[in-house]
Amino acid sequence: MHSFPRFPALAAAFTLTLTAGAPRADAFCGFYVAKADTKLFNKASQVVLARQNNATVLTMVNDYEGDPKEFALVVPVPTFLEREQIHVTEKKVIDHLDAYTSPRLVEYFDDDPCLMRMLKSMPAPASAGRADLAKDERAKSLGVTIEATYTVGEYDILILSAKESDGLETWLNENGYKIPAGASDVIGSYLKQKMRFFVAKVNLGEKAKLGVKTLRPLQIAFESPKFMLPIRLGTVNADGPQELFIYTLSSRGRVETTNYRTVKLPSDVEVPLYVKGEFGAFYRAMFNQQVQKENMRVVFQEYAWDMGWCDPCAADPLSAEELRELGVFWQNDSATGPAPRRPAPTGAQNVYVTRLHLRYDRDHFPEDLVFQETGDRQNFQGRYILRHPWTGPSDCDAAKEYRKSLAKRQREEARNLANLTGWNFDDIARKMDLSAVEAAAESGLDTKWWRKLWTRN
Amino acid sequence: MVAQTVDPQLIALRAPTDLNAMQAIRLPRDPRWFQIGTLSGLLLYGWLSLGFDLTGLRIALTLGTILGLQAIATWWWRLPTFDPKSALISGLSLCLLLRTNSAWLVVLAAAIAVFGKFVVRWRGKHIFNPTNVALAALVLAGGGQVWVSSGQWGSLAFFAFLMLCAGNLVVLRAARSDVAIAFLGCHALLLVGRSAWLGEPMTIPFHRLESGALLLFAFFMISDPKTTPDSRAGRILFAMLVSLGAYYIQFKMFRQNGLVLSLAACSMLVPLIDLVLPGRRYGWTAPRTSGGLCPPTTIRETAMLRV
């Protein structure tokens, strides 16, 4: 989301390493490393997990904008991957998913109180702004096996397995993937769990040939009972907490974490009108406040909805083609074209989307995220409400009552905003010009005769 | 969850009478009252403070159904009196653990919990903990419509939980504390051992051990005195088997609900364990004649807890 620090975000799953002195970069669940010990950090990453039974498609979003030579990605994967199990997709599909699932503002307009609502929705800012033979020999001597080498799109990809983490660490370092101190133990634990490493670098020639300007998201498809996301490598040398957005696409219902508490983000709250102009800042402050409130120990659910529709829509639901691109293989073939904004009479597309958001570091999230799909299809969205007061002329008893209730309501909105974001109540009241609203309410309904007698001192 | 019984009257029970050390303590005669209090407290905490995915209506439906079914079972099996305590414990446990969007599956879970203990019996003792079997059956056969949110407690609730559970142990008169302690010990050993082997930091197994769901399981489900083996050696063996089974499901099969499924599977071995390692059958209420509360064999453990 634009509301978060807009670091060149490379979102990948699990581990990111950079070989050269990129000035800064993000890691997804990954760490970034610079050649000359440049401080590297990254704050926001996105992944999409499409899963039914054991079949999983993982999309790792990468909006790295630095020198492509310096980009590298290291991801532990549960199985060996054939060439056909690796794919490169377009970022715009994930941007669409992000927009569709974003927290949203809705506006209502009060009617003339003397007579006695229109709904408009506004999407939140989109999220996350967010010499081969010799080589083989050397790898073998270190106990590292290069199980496969592929070129997919603009990426050169290796599938590695190893006997010892030390050997793999040495090999990665020798081949330009600078691994930070402390990563060896983490790598070792994944190796002992018989995981392999998916390693990607940019093939500059292919990149030029393809005319690709920004690096595209990498996808892998595999079958494994493990429904998890390894985040530990990314916390090894992270510079402060990181942000992670996880979108899951499932057929049955909502997805939650089983080893961390999943908490719904506060929603359906009325907030002052001026939030419209700073929704990004509001969302960011609210998320900060909620993270603090929960001691940075929970995963937040920001959206859970049947992909067939939305109400209100921050963006159109994804089309069948887009969903297939993200790994939804179980859809009916008949489902084509954009999905309807309202419930589809046909029972939608049999895809349920959950958007999870967490801020994590090694202390608060010591173990990898483990998920389960539930049968829950109760829709949830992060929704914040603006209520525009009636500003037209009105002069009747009902209008006086209305102004009184309006002052009360706006005070409540200010309090809501202060509670949600941790912002100072007085500052909010000043921005809203709350005292003027209250004065207007008072003047209209003042029944105390003495107040009109002397001017206040 | 635990604490289900057909009815105390059905059980031939002779509580020991020489309980000098515990005579001063005046606790409810039937530990199930304490369990009901504890589970109600946890439910309120989870519902109001942790935001469990529950409605008042769902709680009312679960408790109402289970009490109604208990009344039916009382009539059908001609029990001398209607005793709501065990049913209430099952109902509260289902509220804490079972998650589904279907009201019918709640009713089905309540029916499995209540009728399971009358139907699935061996030598006058029911085999499964009622809540456990209801959860296991529906998680396996519910078509994905029933799940257990094991992460719902988070880890901050850990200490509150621990206190309640330790208190529960005292009131249970440590009659079956051995099984909870053996289970937790074995489970902790497996988790720490695994992390040590993988070279993981100890924060990982500790984080897993801090799970509220684990403590609830240890103190309210596996320690059900009615369904655990009768002898201490049998109970410790049983606890170890459950722990190993749960480990296998979680870390070898990579499936959820390892604890619940492992307990249900191991419960089927209890008649065999009782055959090989026989012991005295447990009953919920002990006669008041002595004013005592504890079987003599448990005094040592109770005193230990109070220290």
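Asn295(A) sits in the loop between H6 and S16 of chain A; helices here are DSSP runs of H or I with at least four residues, strands are runs of E with at least two, and both are numbered from the N terminus. Check its backbone too: phi is positive, about 55°, although the residue is not a glycine.

A word on the ground rules: this is a predicted model, in which local features need pLDDT of at least 70 and side-chain atom pairs count only at pLDDT 80 or more, while totals for chains, interfaces and linings use all residues. Residues are numbered from 1 along each chain as its sequence is written, chains are lettered from A and ligands numbered from 1 in the order in which they are written, and side-chain values use heavy atoms, with hydrogens and water left out.

Next, select Asp268(A), in the loop between S14 and strand S15 (269-270) of chain A. Its phi is near 55°, again a positive value in a residue other than glycine. At 48% relative accessibility, Asp268(A) counts as partly exposed.

**The second largest pocket**

Now bring up Thr262(A), Val263(A), Lys264(A), Leu50(B) and Gly51(B), which lie nearest the centre of the second largest pocket among its 32 lining residues. On a 1 Å grid over the protein atoms alone, a pocket is an open set of points with protein on both sides within 12 Å along at least five of seven lines, and lining residues have an atom within 4 Å of a point. The volume of this one is about 680 Å³, taken as the space filled by probe spheres set on the points, which are joined across faces, edges and corners.

Which element gives the most to the lining of the second largest pocket? Colour S14(A), which supplies four residues. Elements that each supply at least two residues include strand S13 (255-257), helix H6 (279-293) and strand S16 (298-306) of chain A, together with H1 of chain B. By class, the lining has eleven nonpolar, eleven polar and ten charged residues. Here Ala, Val, Leu, Ile, Met, Phe, Trp, Tyr, Cys and Pro count as nonpolar, Asp, Glu, Lys and Arg as charged, and the others, Gly among them, as polar.

**Further stops in chain A**

Go to Glu107(A), in strand S5 (residues 104-109) of chain A. Glu107(A) is buried, with a relative accessible area of 4%. Show its side chain: there is a polar contact with the side chain of Lys276(A) at 2.8 Å, and another with the side chain of His388(A) at 2.8 Å. A polar contact is a pair of N or O atoms within 3.5 Å; within protein, one must be able to donate a hydrogen and the other to accept it, and residues adjacent in sequence count only if both atoms are side-chain atoms.

Then pick Cys310(A) and Cys313(A), joined by a disulfide with S to S at 1.9 Å; the criterion is a pair of cysteine sulfur atoms within 2.5 Å. A search of the whole structure finds one disulfide over all chains. The link of Cys310(A) and Cys313(A) is right-handed, with 95° about the S-S bond, and both cysteines are buried.

**Aromatic rings**

Rings of Phe, Tyr and Trp (its six-membered ring) pair if their centres lie within 6.5 Å; planes under 30 degrees apart count as stacked, over 60 as edge-to-face and the rest as tilted. The count comes to 18 aromatic pairs over all chains. In chain B, select Phe52(B) and Trp153(B), an edge-to-face pair at 4.8 Å centre to centre with 85° between the planes. The pair links distant parts of the chain, 101 residues apart. Both Phe52(B) and Trp153(B) are buried.

Compare Tyr247(B) and Phe251(B): their ring centres are 4.9 Å apart and their planes at 50°, so the pair is tilted. They are four residues apart in helix H10 (residues 232-251) of chain B, and therefore separated by about one helical turn.

**Last stop: H9(B)**

Finish at helix H9 (residues 212-220) of chain B, which is mostly covered, with nine of its nine residues buried. At its start, a side-chain oxygen of Ser211(B) reaches to within 3.2 Å of the backbone nitrogen of Ala213(B).

How values were computed: Buried means under 20% relative accessible area, exposed over 50%, partly exposed in between (1.4 Å probe, protein chains only). On a 1 Å grid over the protein atoms alone, a cavity is a set of points where a 1.4 Å probe fits but cannot get out, and a pocket is an open set with protein on both sides within 12 Å along at least five of seven lines; lining residues have an atom within 4 Å of a point.
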